[in-house]
Amino acid sequence: PRQYPVRHEGQRLLQMNHLRIVPVTTLEQVAALTVEANKDKHNPAWPSHLLMRGDKIVGYLSLNLPPTCHAWLHTSEVTARDTFTTVFPAVENMLRMLGHKEMIYLPGNESNLTPFAHKIGFTHVGSTNIFHKNLNT
């Protein structure tokens, strides 16, 4: 597989000390990543690329995430029943019709739905902050 060196401006890449980004192509790579990530108290989620320093796995990237749902539902106009019997089933069916087999739901920490996501089949992957960057500028 093709490897992509990470170049730091003004620095030379050292043979055994530089980072390489390697596409994940085998289940063995995922298993090795899981072992290393677990040692650092992290559970990998949808790894697409390994970060390697020499022969050691030191991280991963998820550049092929499943479809992601982030939504706003009016707190007084949309009920929990609406959400669980209409909104989520519709989203899941739309994604199934497009051939997707999984999805990610990104509720805000302040969302009233966050404590109930596990009740409708979501597994908590971890907390994160979300940032956006326009790549066309």
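I took rings of Phe, Tyr and Trp (its six-membered ring) as paired if their centres lie within 6.5 Å, calling planes under 30 degrees apart stacked, over 60 edge-to-face and the rest tilted. By this rule I count three aromatic pairs.

I note that the model is predicted, that local features need pLDDT of at least 70 and side-chain atom pairs pLDDT 80 or more, while totals for chains, interfaces and linings use all residues. Residues are numbered from 1 along each chain as its sequence is written, and side-chain values use heavy atoms, with hydrogens and water left out.

I looked up Phe88 and Tyr105, which form an edge-to-face pair at 4.9 Å centre to centre with 85° between the planes. Phe88 lies in helix 2 and Tyr105 in strand 6, so this pair ties together parts that are 17 residues apart in sequence (helices, H or I of at least four residues, and strands, E of at least two, are DSSP runs numbered from the N terminus).

I then took Phe88 with Phe122, also an edge-to-face pair, at 5.7 Å centre to centre and 65° between the planes. Phe122 lies in the segment after strand 6, so its pair with Phe88 in helix 2 ties together parts that are 34 residues apart in sequence.

I checked burial next (buried is under 20% relative accessible area, exposed over 50%, partly exposed in between, with a 1.4 Å probe and protein chains only). Phe88 is buried at 5%, Tyr105 is buried at 14%, and Phe122 counts as buried at 15%.
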